[in-house]
Every structure is written in structure tokens, then in C-alpha cells.
Amino acid sequence: MPFRKSLYIFLIFISFSAKASFILLPMDETSQQNHLKAYGITYWCLDKNYKASWLLNYRGGSFLLPDAAEIRKECQIRGVSFEILSDNEETTILNEISSPSQNMESVVLEKAPKIAVYTPKGKQPWDDAVTLVLTYAEIPFTPIYDEEVLSDQLLLYDWLHLHHEDFTGHYGKFYGAYKNTPWYIEQKKDAEVLATNLGYSKVSQEKGAVAKKIRDFVIGGGFMFAMCSATDSFDIALAADGIDICESMFDGDASTANYQSKMNYGNSFAFKDFTLERRPEQYEFSDIDMTMKRRIPMEKDYFTLMEFSAKWDPIPSMLCQNHTQLVKGFMGQTTAFDAELIKSNVLIMGTCELNGEARYIHGEKGKGMFTYYSGHDPEDFQHQVGDPATVLDLHPNSPGYRLILNNVLFPAAKKKKMKT
């Protein structure tokens, strides 16, 4: 009798211990109260050397973590919904995911990537959606700028975000509307002083050198993410290497004659055959951007995320994880990309069929990868200079911001060759 009683107590103990082996951060629409901070929890776990898995296409791209008191506590502090799983429940989920009939996959996340944000000194977090969401999700990053890039400090990082930068030397193409405003005059002066201090006679030459260092970072195996004008201006700077595409009000001398015919599209990452905007007063770099060609009312402005095979194409699947395939559109200096001008080896992951435009694209360059995401702020339809900051506490489940955080986390994944 005592033996049976002891056995009974032992079995109860085993059953209790089996009930709390894993933590699931559900990422579907109804179960997660803060999607954005869930990424921060996962990053925090990786940074503390906990194991983690990304369950692609399972309940919106959920995260599987080991059960630990400090992880539970952190979830509670940050307001992230979580579920406790037993060994049996975890096995059932992984068996479902591994089934050939399911477009799902479990991807092991190995380590927290070291993150750099290329941004001018003194910029506020709300000037840039990526800086804003990294801060909100409590994911650590290091701001860097031209001095760090040109002194090869990119080698210290796994992932680089490009702020809404102009790599062409046109000072953001703000000349037409803002050339007489104090902030424009000050920023132009600061850029010229920085270029001189770094040993360049022109801002366009200095920015071109920065663009080539970033190119080398990607080719060497880095992950680069860019939004808004950092996307097309980066590609333009690479294609215009050695060519003066700036008029005299920008750099003090005339541009190279017939510079359009001298562009080398083989140098650019994502775009081909584009035509530059020559008019200094026009707030546009080239015909890559669709802003001036759009006829989409705000209430109909959505783009659709493409569906990929999670088992065969885990990288685009990771980048597109969301609780909805339909994402609200938003504008920027570069609102969308003309699909006709995207190179054939670049993957289009988000499109607005109403206008024949791409919003979200991805590609490989050398040993590294890049993602371009058009628009300025996923929760501010038409962001203007001087507009107040987006308060992410009001948008904790933003599908548009989730795409940014997918890019932040996917370099942590155990490498598997993309087959698309």
C-alpha cells in the first residue's frame, strides 16, 4: 500500500512537471495582445542564450520558448500574451508543423543578431519607423553614421538598417519646398562639413563611398534592410558611381553631360533601367517610385503579402510572417516601387495589384541579403515633415510594423538555402 501511494505521488509530480515545459508566444490575430513586443521577448531570450524556435505559418508565426520563471515574468511585464505547453502538447504541435501536407516549418533561432541603425547624429526615434519599433519592442541597437561606416565598423554587426537617407548628394530632394528654411540650410552645411572632415570634396562623393562600404558589407554576408528613400537613393548612388548627377545648387558645379546614358544598372541591388529625375525642385529621385503615379484612395490602399513554401523557402516565409496577408498601405518619399523596374532575380513579397506596384522586396547579393520596404511609417498614411511621432502603444498589433521586426529577427535563424 505505501508503495502504491508513493507511486501515485510520483506520477502526480511527473504530470505537474510535464505541464510546464515550453512557452508559446501566439502570433495570430485574436490571441496576442502585443505582437510587436513579442519579438522583443524572443530577442531577449536569444540574448540570454535560451533556445527559441520560429513556427512559420503556425498561428501567425508563433514563437516557441523554453519555460522559465524569468521568461514568464518578462512577458507579464511587457504585456505579451503567452501559453504554457506540456511536452506532449509541444510534440503534437511540432508533428503537425512537420507534416508534408502543412505549409509550416519550425526554424531554430540561434543567436541574437547585433543590430546597427545608420542614422544621422541627433535624430529622434520617431524620425524613423525602424528606430521607433526597435525602441518600443526593447530590442537593442547601435546608431552609426558615415564615420563608423567608412572606418569599417560595419564588421561588428550582423544586421544594418538604413535610415531614410539620401545617398545621391541631393539632400533629400527637399530643395524645391525647403531650400530657404533654417533646418534645410543647417543640414546641408552639416553634411558638407562632415564630407570635408572625412576627406571628400563633395557630399555626393562621400555618400557614394558610404554606399559602396554598405554594398561590401552585404556582399560579405551582412543583412541590410532599407525603407523609403534609402532604398532607391542607395541603388541610384551605386549605379551612378563615378558620375556627377547633381546640379550646381547641390554641389557647386554642373552635372556630367548625358549622365542618364552612363548609369550602370549592373551595380544596383534591386532596380534596373530607371530614369533619374533631373529637375532640382522635384521631390523625387527617379521613376522607380510610384508616388506621383498613384490613384489609390486611402480607404483602398492595401498591399498583399505573397505566400511562400515554409519548408522550401523559409527566408521569404519568415519575412512575410503576419496575422493577416492584407497590410494597410502608407506613403513616403518613396511610396512604392514600379514592378517593371525591379530586377528579375529580386523576390517581390508584397504587391498592390491596383497600381502594378511592389511594396516589399528581397534579394541576395554575394553572401548577404537585402530587403527593401517602401513608405515612411506603417501607421501614418501620409507622414509630413514636422508631424508628431506615432505612438506605438496605440498600434501594438500593427501588421505593417511586424514586417520590420521579421527582418530584425530572421538573421538569427539557422541558415538554410533559399530555393525560390
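Predicted model: local features only at pLDDT ≥ 70, side-chain atom pairs only at ≥ 80, totals over all residues.
Is Tyr-171 buried or exposed? Residues are numbered from 1 along each chain as its sequence is written, and side-chain values use heavy atoms, with hydrogens and water left out.

Okay, back to Tyr-171. With 14% relative accessibility, Tyr-171 counts as buried; buried means under 20% relative accessible area, exposed over 50%, and partly exposed in between, using a 1.4 Å probe and protein chains only. You'll find Tyr-171 in the loop between β8 (159–162) and α7 (175–178). Helices here are DSSP runs of H or I with at least four residues, strands are runs of E with at least two, and both are numbered from the N terminus.

Now the backbone. Most residues other than glycine have a negative phi. Tyr-171, though, has a positive phi of about 55° and is not a glycine. Asn-57 is another non-glycine with a positive value, near 65°. Asn-57 sits in the loop between β2 and β3, and is partly exposed at 29% relative accessible area.

Next up, helix α4. Which residues of α4 are buried? They are Glu-90, Ile-93 and Ile-97. These cover an arc of only 65° around the axis, so they're on the same side of α4; the arc is that of the directions from the helix axis to the C-beta atoms. Why does that spacing work? An α-helix has 3.6 residues a turn, so residues three or four places apart point the same way. Over on the other side of α4, Asn-88 and Thr-92 are exposed. And the buried residues pack against β1 (22–25), β2 (52–56), β3 (62–66), β4 (83–85) and β5 (105–109), where contact means heavy atoms within 4.5 Å.

Last stop, the cysteines. How many disulfides does the structure hold? The count is 0, with a disulfide being a pair of cysteine sulfur atoms within 2.5 Å. For Cys-228, the nearest cysteine sulfur is that of Cys-352, 17 Å away. For Cys-320, the nearest is again that of Cys-352, at 16 Å. Cys-228 is buried at 3% relative accessibility, and Cys-320 is buried too, with a relative accessible area of 10%.

That's my tour, thanks!
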